[in-house]
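Work through the exercises below with the sequence and the model open. Each task is followed by a solution in steps.

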Amino acid sequence: MKQDHVHSAIHKASLETSRFVSAHLRSEAHASNWPAHVINSLHATYNKDEGFEAKVHSSHHAEALEHEYGTTSRQPSAAVRRVSNRTSEAETFFAGRVFRHLEDLL
């Protein structure tokens, strides 16, 4: 039963942290002057094997890569890498949410 509590707390915390990271991704993309339609399709997901991962709608994937890494005619305006290089805030948020959900379950 206790293991179920831990899994439940981790699941809830991962969903909340995904929303938290998604908001940071969109904020960074906005600050980097990415187009609104690409910004609106950015989000973070979590899976137990890969951890948190930035995603963009498939129809905007190529455009997101062009903004993130640049092209021969455009300088890069990284947003995803800036968020992924500052993971300590998301990790702290995630850990706090796990503990809070465990407290709620006990």
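**Exercise 1.** In which strand is the place of Lys-55?

Solution. The model is a predicted one, in which local features need pLDDT of at least 70, side-chain atom pairs count only at pLDDT 80 or more, and totals for chains, interfaces and linings use all residues. Residues are numbered from 1 along each chain as its sequence is written, and side-chain values use heavy atoms, with hydrogens and water left out.

- Step 1. Lys-55 belongs to strand 2. Helices (H or I, at least four residues) and strands (E, at least two) are DSSP runs, numbered from the N terminus.
- Step 2. Lys-55 is partly exposed, with a relative accessible area of 35%. The classes are buried (under 20% relative accessible area), exposed (over 50%) and partly exposed in between, with a 1.4 Å probe and protein chains only.
- Step 3. Not counting residues up to four places away in sequence, Lys-55 touches Ser-41, Leu-42, His-43 and Thr-45. Contact means heavy atoms within 4.5 Å.
- Step 4. Lys-55 also forms a salt bridge with Glu-53, whose closest N and O atoms are 3.5 Å apart. A salt bridge is a side-chain nitrogen of Lys or Arg within 4 Å of a carboxyl oxygen of Asp or Glu. Glu-53 counts as partly exposed because its relative accessibility is 29%.

**Exercise 2.** Describe the overall layout of the protein chain.

Solution. 

- Step 1. Count the elements: the protein chain has 5 helices and 2 strands.
- Step 2. Read along the sequence, they follow the pattern α-α-β-β-α-α-α.
- Step 3. Taken along the principal axes, the C-alpha atoms fill a box of roughly 55 × 25 × 20 Å.
- Step 4. Of the 106 residues, 33% are buried.
- Step 5. Among contacts with a separation of 6 or more, 58% are between residues 24 or more positions apart.

**Exercise 3.** Examine helix 1 and the residue Asn-33 that follows it.

Solution. 

- Step 1. Helix 1 (residues 2–31) has 30 residues and reaches 43 Å from its first C-alpha to its last, close to the 44 Å expected at 1.5 Å a residue. The expected span is 1.5 Å times one less than the number of residues.
- Step 2. The buried residues of helix 1 include Ala-9, Ala-13, Glu-16, Phe-20 and Val-21.
- Step 3. Asn-33 lies in the loop between helix 1 and helix 2 (36–39). Its phi is near 65°, a positive value in a residue other than glycine. Most residues other than glycine have a negative phi.
- Step 4. Asn-33 is exposed, with a relative accessible area of 63%.

**Exercise 4.** Which residues make up the largest nonpolar core?

Solution. 

- Step 1. A nonpolar core is a set of buried Ala, Val, Leu, Ile, Met, Phe, Trp, Tyr and Cys residues joined through side-chain atoms within 4.5 Å.
- Step 2. The largest one has 8 residues: Ala-29, Trp-34, Val-38, Ile-39, Leu-42, Val-56, Ala-64 and Ala-79.
- Step 3. Apart from this core lies another, of 6 residues, among them Phe-20, Val-21, Leu-25 and Ala-90.

**Exercise 5.** How many salt bridges does a search of the whole structure find? Work out which elements are joined by two of them.

Solution. 

- Step 1. The search finds 5 salt bridges.
- Step 2. One of them pairs Arg-97 with Glu-16, the closest N and O atoms being 2.7 Å apart. Arg-97 lies in helix 5 (residues 88–105) and Glu-16 in helix 1, so this pair ties together parts that are 81 residues apart in sequence.
- Step 3. Glu-16 is buried, with a relative accessible area of 16%.
- Step 4. The side chains of Glu-68 and Arg-81 meet in a salt bridge (2.9 Å, N to O). Glu-68 is in helix 3 and Arg-81 in helix 4, so the pair ties together parts that are 13 residues apart in sequence.
- Step 5. Glu-68 counts as buried at 4% relative accessibility, whereas Arg-81 is partly exposed, with a relative accessible area of 31%.
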